[in-house]
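I opened this entry to record what I looked up in one protein model.

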Amino acid sequence: MTNAKLEVLTPENSQLIFIDQQPQMAFGVQSIDRQVLKNNVVGLAKAAKVFNIPTTITTVETESFSGNTFPELLDVFPEHDILERTSMNSWDDQKVRDALAKNGKKKVVVAGLWTEVCNNTFALCAMLEGDYEIYMVADASGGTSKDAHDFSMQRMIQAGVVPVTWQQVMLEWQRDWAHKETYNAVMDIVKEHSGAYGMGVDYAYTMVHKTPARAKGAHRTLAPAPANK
């Protein structure tokens, strides 16, 4: 018997949805540092663009409560429509269902706020009623407390959701460093968004492979000058 969850994520079999990555929703997040959250969301978005992953962006009560989607996220997809809703559950909006169906991929990668509300209800309904496989990006999502996030993740996992992290998803899409058509773009994302891993790549490129530093500008390094005693 074939188990679809044993299939790795590929650019051909997956799509992505961002749910309510909006400032008022982020204000309530306590399960992850909010700057780290935004970094991970934008890194995931850039990866999706590199691999041409069909991507849906949905929002809730933008004008009356939640505010505009993170501009750094929108800048990755400047031509995308934003699917506004009133329901906390994205599955309740027909535009969202239509967008997912149009993309034609059963593996849906999800990054949203909050884990215990909008992510949870969407995941359960999309699996039950839409027969989708849900891959929940734990570090590009956040809840109102660590318990709220963690127990919601546990509930979804028990229901069949696959937990992932943003960098895991990107590298699963890349799969092989011999795929040179995406290699450089992935390394650019790593250097900007992957913390210590990105620092290590910068170090290896400049100190080992002797490539120019990626900093912009005409910086000079002045030799040591011991002070007069």
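I counted a contact wherever heavy atoms lie within 4.5 Å. The model is predicted. On that definition, I found that residues 24 or more positions apart account for 78% of the contacts with a separation of 6 or more.

Overall dimensions and content. I noted ten helices and six strands in the protein. The C-alpha trace spans about 75 × 45 × 35 Å along its principal axes. Of the 229 residues, 45% count as buried.

Helix α2. I looked up residues 34-50, which form this helix of 17 residues. From first C-alpha to last, α2 reaches 24 Å, close to the 24 Å expected at 1.5 Å a residue. I then checked the start of α2, where a side-chain oxygen of D33 comes to within 3.0 Å of the backbone nitrogen of Q35. The buried residues of α2 are L37, N40, V41, V42, G43, L44, A45, A47 and A48. Just after α2, I recorded a positive phi of about 55° for N52.

Helices α9 and α10. I asked at what angle the axes of α9 and α10 cross. The axes of α9 (residues 180-193) and α10 (residues 195-208) cross at roughly 120° and come within 6 Å. The crossing is left-handed. For the residues involved, I listed Y183, M187, V190, K191 and H193 from α9, which meet G195, Y197, G198, V201, D202 and Y205 of α10.

Definitions and conventions: Residues are numbered from 1 along each chain as its sequence is written. This is a predicted model: local features need pLDDT of at least 70, side-chain atom pairs count only at pLDDT 80 or more; totals for chains, interfaces and linings use all residues. Side-chain values use heavy atoms; hydrogens and water are left out. Helices (H or I, at least four residues) and strands (E, at least two) are DSSP runs, numbered from the N terminus. The expected span of a helix is 1.5 Å times one less than its number of residues. Buried means under 20% relative accessible area, exposed over 50%, partly exposed in between (1.4 Å probe, protein chains only). A polar contact is a pair of N or O atoms within 3.5 Å; within protein, one must be able to donate a hydrogen and the other to accept it, and residues adjacent in sequence count only if both atoms are side-chain atoms. Axes are lines fitted to C-alpha atoms, for helices over the stretch in contact, and angles run from 0 to 180 degrees between N-to-C directions. A crossing is left-handed if the near helix is turned anticlockwise from the far one by less than a right angle, and right-handed if clockwise.
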